[in-house]
Amino acid sequence: MKKPVRVAITGGAGQIAYSLVFRIASGEMLGQDQPVILHMLEVPAALEALKGVVMELHDCAYPLLEDIVMTDDVNIAFSDVDYALLVGAKPRGPGMERSDLLKINGEIFTEQGKALNDFASRDIKVLIVGNPANTNAYITMHSAPDLDRKQFSSMTRLDHNRAVSQLAEKTGVKITAVKNVIIWGNHSTTQYPDINHATINGQPAKSLVEQDWIINEFMPTVQQRGTAIIKARGGKSSAASAAFAAMSHMRDWVMGTDEWTSMSIPSDGSYNIPEGLIYSFPVTIKDGKINIVQGLEIDQFSNKLLIATQHELEQECEAVADLLV
Ligand code: NAX
């Protein structure tokens with residue numbers, strides 16, 4: 001057995017965490033030979049509910065779960081943690097403008113970034129799930145100047161999985177037949193789900209579906225899937241699929257992957273995306289290092305969409321500029 005690692009989850013009493021923490025404790029994220037200590041952070045008002053989740057974790061008697069730290073103190077939550085999944089965030093309330101949402105969450109993620117900077121393991125890997133995820137990751141990264149930018153990411157894996165699933169369903173193939181789908185940009189409706197480089201059983205996906213379907217069905221379905229789920233679930237947003245995506249994102253970061261996946265990471269200037277912007281790219285991962293897939297041909301239609309989602313992210317970053325160090 002390996003030495004236990006510490007995994008922090010914020011928003012521990014929320015609905016995504018309720019699907020996520022049990023899988024982490026069972027070894028699904030980091031492997032069956034990796035004991036874990038969970039650090040669960042909540043706001044004071046939700047500590048009682050969090051207590052219930054912790055009771056259930058104990059009731060599972062997971063062999064790999066060594067200990068649980070339950071707290072409303074961000075510094076304790078991030079002390080010596082090796083992995084942090086920042087799920088908790090303030091939802092958009094009635095009458096709240098997007099700029100208000102950015103500001104309120106900006107304050108939360110500034111505080112959390114500072115705590116990661118001061119108390120987390122120097123090798124920490126950070127995934128931001130809470131929305132607006134890319135900009136929250138940007139703020140967290142800027143609030144942790146002693147950590148490497150490459151230690152920060154945000155989640156577009158759920159969008160990626162949605163795109164793979166839509167394409168498999170349309171062409172009547174198994175999920176595993178679909179490769180090289182890409183989500184570019186922001187985790188918002190401006191994201192660009194791109195199948196120009198995708199293959200299905202080795203054949204170009206574009207030769208198997210019509211352009212009209214790509215533009216008028218595939219892209220809007222993926223972009224607006226979150227809203228469709230909220231409507232279908234009577235107001236509740238995606239939770240199990242989001243938890244699975246978060247776990248897969250972290251697992252791939254640690255274990256590596258030969259196939260492409262999509263991750264929002266600080267741009268290194270690839271595809272002319274300004275350096276440092278947290279932007280979703282096609283990536284592969286080896287030995288814990290995330291590599292952006294290089295050399296893809298970007299046609300004019302795609303280029304316009306890559307720039308549009310970049311602009312939205314730049315505007316979001318501008319709206320929180322006064323919070324950045
Ligand atoms: P819930 O409202 O069920 O849970 C959020 C939890 O976070 C609450 O228990 C709340 O008390 C806690 N919280 C709020 N501020 C906190 C803070 N400062 N520190 C610690 N905990 C705090 O939301 P849930 O459905 O779990 O969704 C969580 C976040 O994920 C939301 O921001 C949501 O928009 C976002 N999502 C992101 C996705 C992505 O692909 N990146 C997809 C799914 C999801 O919509």
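# Exercises on a predicted chain

The chain holds ten helices and 14 strands; helices (H or I, at least four residues) and strands (E, at least two) are DSSP runs, numbered from the N terminus. This is a predicted model, in which local features need pLDDT of at least 70 and side-chain atom pairs count only at pLDDT 80 or more, while totals for chains, interfaces and linings use all residues. Residues are numbered from 1 along each chain as its sequence is written, and side-chain values use heavy atoms, with hydrogens and water left out.

## Exercise 1: the chain as a whole

Task: Find out how the radius of gyration of the chain agrees with that of a compact globule.

Solution: 
- Step 1. Start with the rule: 2.2 Å times the number of residues to the power 0.38, with the radius of gyration taken over C-alpha atoms.
- Step 2. For 325 residues, a compact globule would come out near 20 Å, and the chain has 19 Å, which agrees.
- Step 3. Turn to burial, where buried means under 20% relative accessible area, exposed over 50% and partly exposed in between (1.4 Å probe, protein chains only). Of the 325 residues, 52% are buried.
- Step 4. Look at contacts, meaning heavy atoms within 4.5 Å. Among contacts with a separation of 6 or more, 73% are between residues 24 or more positions apart.

## Exercise 2: surface and charge

Task: Describe the accessible surface of the chain and its positive and negative side chains.

Solution: 
- Step 1. Accessible areas come from the Shrake-Rupley method with a 1.4 Å probe; for residues, only the protein chains shown count as cover.
- Step 2. The surface comes to about 14600 Å², and carbon and sulfur atoms own 50% of that.
- Step 3. For charges, Lys and Arg count as positive and Asp and Glu as negative, while His and the chain ends are not counted. Each charge is placed at NZ of Lys, CZ of Arg, CG of Asp or CD of Glu.
- Step 4. There are 28 positive and 39 negative side chains, and the centres of the two sets lie 4 Å apart.

## Exercise 3: aromatic pairs

Task: Work out which parts of the chain the pair of Tyr 192 and Phe 301 ties together.

Solution: 
- Step 1. A pair of aromatic rings is described by the distance of the centres and the angle of the planes. Rings of Phe, Tyr and Trp (its six-membered ring) pair if their centres lie within 6.5 Å; planes under 30 degrees apart count as stacked, over 60 as edge-to-face and the rest as tilted.
- Step 2. That rule gives six aromatic pairs. One of them joins Tyr 192 and Phe 301, edge-to-face at 6.3 Å centre to centre with 80° between the planes.
- Step 3. Tyr 192 sits in strand β9 (residues 192-194) and Phe 301 in helix α10 (residues 300-319), so the pair links parts 109 residues apart in sequence.
- Step 4. Check the cover: Tyr 192 is buried at 2% relative accessible area, whereas Phe 301 is partly exposed at 37%.
- Step 5. Compare another pair: Tyr 279 and Phe 281 have ring centres 5.1 Å apart and planes at 50°, so this pair is tilted. Both Tyr 279 and Phe 281 are buried.
- Step 6. Ring pairs also link Trp 184, Tyr 271, Tyr 279 and Phe 281 into a cluster.

## Exercise 4: a buried loop residue

Task: Decide whether Ser 267 is buried or exposed, and list what Ser 267 touches.

Solution: 
- Step 1. Locate Ser 267 in the loop between β12 (257-266) and β13 (278-286).
- Step 2. Its relative accessibility is 4%, so Ser 267 counts as buried.
- Step 3. Setting aside residues up to four places away in sequence, Ser 267 touches Ile 273, Pro 274, Glu 275, Gly 276, Leu 277 and Phe 281.

## Exercise 5: backbone details

Task: Find where the cis peptide bond and the positive phi of Ala 61 lie.

Solution: 
- Step 1. Recall the background: most residues other than glycine have a negative phi, and most peptide bonds are trans.
- Step 2. The cis bond joins Asn 131 and Pro 132, with omega about -5°. Pro 132 lies in the loop between β5 (125-128) and α5 (133-142).
- Step 3. Ala 61 has a positive phi near 50°. Ala 61 belongs to the loop between α2 (47-60) and β3 (65-71) and is exposed, at 59% relative accessible area.
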